[in-house]
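Hello,

Here is the structure I promised to pass on. Please open it and keep it beside you while you read my notes below.

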Amino acid sequence: MSKHTPTPWRLSGQMIVGENSYRVAEVNSPDYRARGKERREDWEYCRGNAEFIVRACNNHDALVEKLKAQFHAVDWLMAKLIAADPTFMPSESPIWDSVKGTHAALTAAGAI
């Protein structure tokens, strides 16, 4: 996984900043062609996008760790079910799509 500025990040005016106000990213201004209500709405989107980026990045590690813990808990439960009933097939379970999706998400996040 590539390196990044340590979190937590925060929004400071039009900047996303890390510790010691280290610049992480700049929030773009609305399209210069926008006027009036359209320009105000563009600013709301710019600000909302920046807030979303900060919130997502600040919570990423915790979310990945909780998802990994749940994935391992389901794996443990599947092993217990197989031990209790050797004919049990996890891939035929109603939660199998969720298990595969969780694995894919953790792989994409570089967590497994």
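Ser21 sits in the loop between strand 2 and strand 3. Strands here are DSSP runs of E with at least two residues, helices are DSSP runs of H or I with at least four, and both are numbered from the N terminus. Ser21 has a positive phi of about 60 degrees, although it is not a glycine. At 45% relative accessibility, Ser21 counts as partly exposed. The cut-offs are these: buried is under 20% relative accessible area, exposed is over 50%, and partly exposed is in between, with a 1.4 Å probe and protein chains only.

Asn20 lies in the loop between strand 2 and strand 3 too. Its phi is near 55 degrees, a positive value in a residue other than glycine. Why does Asn20 count as exposed? Because its relative accessibility is 73%. As background, most residues other than glycine have a negative phi, and most peptide bonds are trans.

A cis peptide bond turns up as well. It joins Thr7 and Pro8, with omega about 10 degrees. Look for Pro8 in the segment before strand 1.

A word on the source. This is a predicted model, where local features need pLDDT of at least 70, side-chain atom pairs count only at pLDDT 80 or more, and totals for chains, interfaces and linings use all residues. Residues are numbered from 1 along each chain as its sequence is written, and side-chain values use heavy atoms, with hydrogens and water left out.

Two strands pair if DSSP finds at least two bridges between them.

Met15 stands opposite Glu26 in strand 3. Val17 stands opposite Arg23 in strand 3. The hairpin of strand 2 and strand 3 has 5 residues between the strands.

Next, the whole chain. How many helices and strands does the protein have? The total is 2 helices and 3 strands. Along the sequence, they follow the pattern β-β-β-α-α. The radius of gyration is 21 Å, well over the 13 Å that the globule rule gives for 112 residues, so the protein is more spread out than a compact globule. That radius is taken over C-alpha atoms, and the globule rule is 2.2 Å times the number of residues to the power 0.38. Along its principal axes, the C-alpha trace spans about 65 × 35 × 15 Å. Of the 112 residues, 19% count as buried.

Thr102 is found in helix 2 (residues 96–108). Is Thr102 buried or exposed? Thr102 is buried, with a relative accessible area of 16%. Leaving aside neighbours within four places in sequence, Thr102 is in contact (heavy atoms within 4.5 Å) with Leu67 and Phe71.

Last, the salt bridges. The rule asks for a side-chain nitrogen of Lys or Arg within 4 Å of a carboxyl oxygen of Asp or Glu. By this rule the count is 3.

- Glu51 and Arg47 meet at 3.1 Å, N to O. Both lie in helix 1, 4 residues apart, about one turn of the helix. Glu51 is partly exposed at 37%, and Arg47 is partly exposed at 38%.
- Lys68 pairs with Glu65, with the closest N and O atoms 3.5 Å apart. Both lie in helix 1, 3 residues apart, about one turn of the helix. Glu65 is partly exposed at 45%.
- Lys100 pairs with Asp97, with the closest N and O atoms 3.8 Å apart. They are separated by about one helical turn because they are 3 residues apart in helix 2. Lys100 is partly exposed at 46%, whereas Asp97 is exposed at 58%.

Best wishes
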